[in-house]
Amino acid sequence: MSEQRKIIHDDNNGLDYVLVGDYYIPMLALPEENRPIGYWGILRKEYLKKHKSGMYSYLLLTGKLDRYLADLNEQAQEWYELIEAQMRSAEGVTEKLKAQNPMEWVRQCNNIRNRVQEIVLSELVYV
């Protein structure tokens with residue numbers, strides 16, 4: 001009986017295979033993503049699972065899902081902060097208002113935060 005090598009390389013596809021029992025199994029590794037998926041990324045992931053299963057499967061099987069979600073999370077967070085700052089400025093929600101009438105300031109900040117969240121969800125996450 002011939003001695004089988006534990007690891008072989010296939011030049012046709014560029015993959016290495018490891019011997020497990022009587023079978024050679026490809027040695028695959030997914031690319032590592034060190035950035036967090038975050039709040040927006042988690043929402044997008046759930047949306048993809050429920051409503052765009054083909055796209056979700058493709059991203060998952062090609063190892064691109066985590067990078068895609070981290071990119072989307074960063075973009076959504078930047079949008080959120082930009083739009084929130086613009087709305088606060090346009091509507092006069094300032095530190096002066098916070099000092100004069102804290103309850104009104106909180107009400108207006110919550111109102112702006114809710115509207116900005118809906119904008120980001122409808123423009124980036126649920127599309």
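Modeller: The answers below concern salt bridges and a pair of helices. This is a predicted model, in which local features need pLDDT of at least 70, side-chain atom pairs count only at pLDDT 80 or more, and totals for chains, interfaces and linings use all residues. Residues are numbered from 1 along each chain as its sequence is written, and side-chain values use heavy atoms, with hydrogens and water left out.

Colleague: How many salt bridges are there?

Modeller: The count is six salt bridges, each being a side-chain nitrogen of Lys or Arg within 4 Å of a carboxyl oxygen of Asp or Glu.

Colleague: Which residue meets Arg35 in a salt bridge at 2.6 Å?

Modeller: Asp71 does, with that distance of 2.6 Å taken from N to O. Arg35 lies in the loop between β3 and α1 and Asp71 in helix α3, so the pair ties together parts that are 36 residues apart in sequence. Helices (H or I, at least four residues) and strands (E, at least two) are DSSP runs, numbered from the N terminus. Arg35 and Asp71 are also linked with Glu74 in a network of salt bridges.

Colleague: And what about Arg115?

Modeller: Its side chain meets that of Glu91 in a salt bridge of 2.8 Å, N to O. Arg115 lies in helix α5 and Glu91 in helix α3, so this pair ties together parts 24 residues apart in sequence.
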